[in-house]
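Please consult the sequence and structure shown below.

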Amino acid sequence: MAGALTTEEVASLYRRHVKTVYQISRMLLKNGPDAEDAVQNVFRKAMERDEPFDGPDHERAWLIVTARNECKNQLRHWWRTRRADAETLDALAWEQPADGELWDMILRLPEHEKTALYLHYYQGYSTNETAELMGKNPSTVRSWLFRARRRLKDLLEEDGEYGG
């Protein structure tokens with residue numbers, strides 16, 4: 001297929017990946033309205049693509065990288081204000097598995113560790129793939145994952161939910 005995606009292809013792409021793109025955008029931008037804008041821009045860019053995707057893994061990776069870049073662009077704008085609050089962050093849990101308390105702890109981690117954990121454990125990317133998606137060295141991502149796991153262990157011990 002040459003040229004832009006058809007309306008049906010974009011609709012199918014949207015149905016398959018909107019939750020992932022939204023979660024990444026929400027995690028990075030920290031509020032729903034900005035995340036929704038980012039999702040809209042990501043799928044608009046998908047509609048404008050001139051090349052077909054090489055398969056499901058390629059389309060998912062492209063959407064994640066595009067979402068990350070879109071969020072970075074939004075954060076760079078001078079008019080951008082951070083509107084993170086407990087209600088906004090708590091709303092993330094509705095799309096997560098039944099590990100809501102763990103997810104709340106993950107949200108307390110530094111941004112880079114939180115993103116690495118999400119891509120690696122929730123999206124199933126290897127550390128090399130996570131590094132590529134984040135634009136970092138794989139050893140850096142492994143270090144972030146190590147630190148994040150250690151921080152989570154400490155948080156669990158503080159809350160008395162982990163025996164050792």
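## Buried face of helix α7

In this predicted model, the buried residues of α7 are T127, T130, A131, L133 and M134. These residues lie on the same side of α7, because they cover an arc of only 165° around the axis. The partners against which the buried residues of α7 pack are α3 (56–76), α6 (111–122) and α8.

Just after α7, the chain reaches G135, which takes a positive phi of about 70°.

## Packing of α7 on α8

Two packed helices are described by the angle between their axes and the distance between the axes. For helix α7 (residues 127–134) and helix α8 (residues 138–158), the axes come within 8 Å and cross at roughly 105°. Helix α7 is therefore roughly perpendicular to α8, since angles of 65 to 115 degrees are counted in that class.

On the α7 side, the contact is made by T127, N128, T130, A131 and M134. On the α8 side, P138, V141, R142, W144 and L145 take part. Sorted by class, the contact of α7 with α8 has six nonpolar, three polar and one charged residues.

## Packing of α7 on α3

The axes of α3 and α7 come within 9 Å, and their crossing angle is roughly 40°. The two helices, α3 and α7, are therefore oblique to each other.

Helix α3 makes this contact through A61, I64, V65 and R68, while α7 makes it through E132, L133 and M134. By class, the contact of α3 with α7 has five nonpolar, no polar and two charged residues.

In soluble globular proteins, nonpolar side chains tend to be buried together. In this model, the largest nonpolar core has 40 residues. Those with the most contacts inside this core are L13, V21, I24, L117, L119 and L152. The elements that give two or more residues to the core are α1 (7–29), α2 (32–48), α3, α5 (100–106), α6, α7 and α8. Helix α1 gives the most, with eight residues.

Which residues does I24 contact, leaving aside its neighbours within four places in sequence? They are I64, A67, Y118 and L119. Of these, L119 is also listed among the core residues with the most contacts, and I64 is also one of the α3 residues in contact with α7.

Key. Residues are numbered from 1 along each chain as its sequence is written. This is a predicted model: local features need pLDDT of at least 70, side-chain atom pairs count only at pLDDT 80 or more; totals for chains, interfaces and linings use all residues. Side-chain values use heavy atoms; hydrogens and water are left out. Axes are lines fitted to C-alpha atoms, for helices over the stretch in contact, and angles run from 0 to 180 degrees between N-to-C directions. Helices (H or I, at least four residues) and strands (E, at least two) are DSSP runs, numbered from the N terminus. Angles under 35 degrees count as roughly parallel, over 145 as roughly antiparallel, 65 to 115 as roughly perpendicular and the rest as oblique. Contact means heavy atoms within 4.5 Å. Ala, Val, Leu, Ile, Met, Phe, Trp, Tyr, Cys and Pro count as nonpolar, Asp, Glu, Lys and Arg as charged, and the others, Gly among them, as polar. Buried means under 20% relative accessible area, exposed over 50%, partly exposed in between (1.4 Å probe, protein chains only). The arc is that of the directions from the helix axis to the C-beta atoms. A nonpolar core is a set of buried Ala, Val, Leu, Ile, Met, Phe, Trp, Tyr and Cys residues joined through side-chain atoms within 4.5 Å.
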